[in-house]
Amino acid sequence: MKNNTVMIKLRQTFALTDSDIARIFELGGYTVTPEMLAGYLIGFPTDEGYIKCPNRALIAFLDGMIVDRRGPNPKKAKPGAVVDTTIDNSDVFKKLRIALDLHEEDIQALLLKSNVVLEKNDFSAIFRKKGHKHYKVCSDPVLDAFFKGIELSR
């Protein structure tokens, strides 16, 4: 899923205002201007005002969500100090799982609300480390179902 689409889904799923989003970016160690924020929340590159949401921005936002929901982790580096700037659907899923403090059963229940069943081996493959021989990238439909499940359970 494209980063701008993820940002749009996060805003919709959690009913976030512009000020909420800016605050969460700050918690993740990333500063956004109102123009950047507006551009990140436009889904199509052909639309006026579109700004491609960089990986670093999405990572910072998700890290900020973790800090916002669970508080800072004293064992981890300060948000904004991330060196790796690659992100895929599995990374988004993992960070949201941490932010929302969800366990396997919770995630399965959320997916079920969207009529998606994730087999145990697929579930564990998505949450493995990149490079593991059984690692699998989360598909767009599964991530979308996760967002819908969260929205339906609110």
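At what angle do α1 and α4 pack, and how far apart are their axes? The angle is about 25° and the axes are 9 Å apart.

## Basis of the model

This is a predicted model, in which local features need pLDDT of at least 70 and side-chain atom pairs count only at pLDDT 80 or more, while totals for chains, interfaces and linings use all residues. Residues are numbered from 1 along each chain as its sequence is written, and side-chain values use heavy atoms, with hydrogens and water left out.

Helices are DSSP runs (H or I, at least four residues), numbered from the N terminus.

## Helices α1 and α4

The angle given above makes α1 roughly parallel to α4 (angles under 35 degrees count as roughly parallel). Axes are lines fitted to C-alpha atoms, for helices over the stretch in contact, and angles run from 0 to 180 degrees between N-to-C directions. α1 passes α4 in a left-handed crossing, a term for a near helix turned anticlockwise from the far one by less than a right angle.

On the α1 side, the contact (heavy atoms within 4.5 Å) is made by Asn3, Val6, Met7, Leu10 and Phe14. Asn55, Leu58, Phe61, Leu62, Met65 and Arg69 make it on the α4 side. By type, these residues are eight nonpolar, two polar and one charged. Here Ala, Val, Leu, Ile, Met, Phe, Trp, Tyr, Cys and Pro count as nonpolar, Asp, Glu, Lys and Arg as charged, and the others, Gly among them, as polar.

## Helix α2

Helix α2 covers residues 18–27, and its buried residues are Ile21, Ile24 and Phe25 (buried means under 20% relative accessible area, with a 1.4 Å probe and protein chains only). Seen down the axis of α2, these buried residues fall within an arc of 105°, so they line one face of the helix. The arc is that of the directions from the helix axis to the C-beta atoms.

The buried residues of α2 pack against α1 (3–14), α3 (34–40) and α4 (55–70). After α2 comes Gly29, with a positive phi near 80°.

## Helices α5 and α8

Helix α5 (residues 89–99) and helix α8 (residues 140–152) have axes that come within 10 Å and cross at roughly 25°. The two helices are therefore roughly parallel to each other. α5 passes α8 in a left-handed crossing. Asn89, Val92, Phe93 and Leu96 of α5 meet Asp140, Val142, Leu143, Phe146 and Phe147 of α8 in this contact. Its residues divide into seven nonpolar, one polar and one charged.

## Asp63

Asp63 lies in helix α4 and counts as buried, at 11% relative accessibility. Asp63 and Val92 are 29 residues apart in sequence and 10.0 Å apart in space, C-alpha to C-alpha.

Methods
Buried < 20%, exposed > 50% of the residue type's maximum accessible area, 1.4 Å probe, protein only. Parallel < 35°, antiparallel > 145°, perpendicular 65-115°, else oblique.
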